[in-house]
Amino acid sequence: MNILDKIVADKRIEVDFRKGLIPVSQLEQSVLFERATVSLAKALRESATGIIAEHKRRSPSKAVINQKSSVWDVAKGYEKAGACGMSVLTDGKYFGGSLDDLLTARASVQMPLLRKEFIIDEYQLLEAKAYGADVCLLIAACLTRNEIKHLSEFAKNLGLDVLLEVHNQEELEKSLMPSLDMLGVNNRNLKTFEVSLETSKSLSTQIPDDFVKVSESGISSVEAIKELKPYGYQGFLIGENFMKTEDPAHSAIEFIKEL
């Protein structure tokens with residue numbers, strides 16, 4: 001069982017537990033549930049930088065990244081820096097995040113927020129909407145084609161943008177469908193944790209222009225972005241590069257200024 005399989009197995013237990021704790025009707029009564037969402041796909045198409053900056057405390061591959069910086073300060077800083085959107089990790093067990101982080105980020109900024117989570121159930125999409133997300137992430141590696149279709153259509157009905165993440169050609173081929181807004185190529189090999197920008201480059205020609213292309217993982221320099229732009233990428237998800245510093249917001253400001 002690889003790390004993704006383990007996370008998904010734990011996630012199924014967690015989602016069943018949460019369903020018993022907070023019924024769907026309660027999520028639908030949330031103040032934020034009726035909020036009009038902001039499209040990240042549109043923001044990326046119109047942006048010169050395309051930065052999606054992430055808030056992440058830890059990860060299975062890196063252990064602790066940053067336990068000190070507050071979500072409020074980081075979100076405010078990212079928006080001030082000129083990021084197109086912000087990715088908020090809400091998985092607790094493996095990444096140290098929570099839905100409260102999403103709520104805090106929503107209270108502090110206007111820019112599009114991505115709920116970064118291992119989504120396997122439509123209940124999590126209702127949570128995303130109720131806690132202020134504009135975008136949801138679907139990971140092809142842990143979903144069947146039918147699940148991707150069902151969950152992406154459900155998300156679109158809620159007004160959420162959909163970012164679908166793939167790691168290879170096979171995942172990409174099973175995932176292409178009209179209910180997606182963005183296609184993210186994760187440069188990290190899930191089996192070895194090795195990172196290579198070649199993954200984004202080799203898959204770029206297979207992604208139709210209807211989708212906004214997003215490159216994820218291993219983007220730690222302005223050079224990496226300049227290297228990927230000719231391949232049609234308009235979005236760049238930067239996870240650890242800002243968060244591993246003392247002041248993620250300041251790091252984002254300097255990075256975007258350089259870009």
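Me: What volume does the second largest pocket have, and which residues line it?
Reply: The model is a predicted one. In it, the second largest pocket has a volume of about 230 Å³. Its lining is made up of N2, L4, D5, A141, H167, N168, E171, R188, N189, L190 and K191.

Me: How do the residues of that lining divide by class?
Reply: D5, E171, R188 and K191 are among the residues lining the second largest pocket, and Asp, Glu, Lys and Arg count as charged. The lining divides into three nonpolar, four polar and four charged residues.

Me: What is the volume of the largest pocket, and which residues lie nearest its centre?
Reply: The largest pocket has a volume of about 570 Å³. Its lining comprises 34 residues. Those nearest the centre are K56, K116, N186, R188 and S217.

Me: Which element gives the largest share of the lining of the largest pocket?
Reply: The elements that give two or more residues to the lining of the largest pocket are α1 (3–21), β6 (135–139), β10 (233–238) and α11 (240–243). The largest share is three residues, and the element that supplies them is α1.

Me: How many charged residues are in the lining of the largest pocket?
Reply: By class, this lining has 15 nonpolar and nine polar residues. The charged residues number 10.

Me: How many cavities of 30 Å³ or more does the structure hold, and which element gives the most to the lining of the largest cavity?
Reply: The structure holds one cavity of 30 Å³ or more, and the largest cavity has a volume of about 30 Å³. Its lining consists of K11, E14, V15, R18, R115, E117, Y123, Q124 and E127. With four residues, the element that gives the most is α1.

Me: How many residues of the lining of the largest cavity are charged?
Reply: Two residues of this lining are nonpolar and one is polar. The number of charged residues is six.

Me: K11 and E14 meet in a salt bridge; which of the two is buried, and which is partly exposed?
Reply: K11 and E14 both lie in helix α1, three residues apart, about one turn of the helix. Their side chains meet at 3.1 Å, N to O. Buried means under 20% relative accessible area. K11 has 1%, so K11 is buried, whereas E14 has 25% relative accessibility and is therefore partly exposed.

Me: Why does the salt bridge between E54 and K116 tie together parts that are apart in sequence?
Reply: The closest N and O atoms of E54 and K116 are 3.0 Å apart. E54 lies in strand β1 (residues 51–55) and K116 in strand β5 (residues 113–116), so the pair ties together parts 62 residues apart in sequence. As for accessibility, E54 counts as buried at 0% and K116, at 16%, also counts as buried.

Me: Are K149 and E153 buried or partly exposed?
Reply: The side chains of K149 and E153 form a salt bridge at 2.9 Å, N to O. The two residues are four apart in helix α7 (residues 145–157), about one helical turn. At 40% relative accessibility for K149 and 34% for E153, K149 and E153 each count as partly exposed.

Definitions and conventions: Residues are numbered from 1 along each chain as its sequence is written. This is a predicted model: local features need pLDDT of at least 70, side-chain atom pairs count only at pLDDT 80 or more; totals for chains, interfaces and linings use all residues. Side-chain values use heavy atoms; hydrogens and water are left out. On a 1 Å grid over the protein atoms alone, a cavity is a set of points where a 1.4 Å probe fits but cannot get out, and a pocket is an open set with protein on both sides within 12 Å along at least five of seven lines; lining residues have an atom within 4 Å of a point. Grid points are joined across faces, edges and corners, and a volume is the space filled by probe spheres set on the points. A salt bridge is a side-chain nitrogen of Lys or Arg within 4 Å of a carboxyl oxygen of Asp or Glu. Buried means under 20% relative accessible area, exposed over 50%, partly exposed in between (1.4 Å probe, protein chains only).
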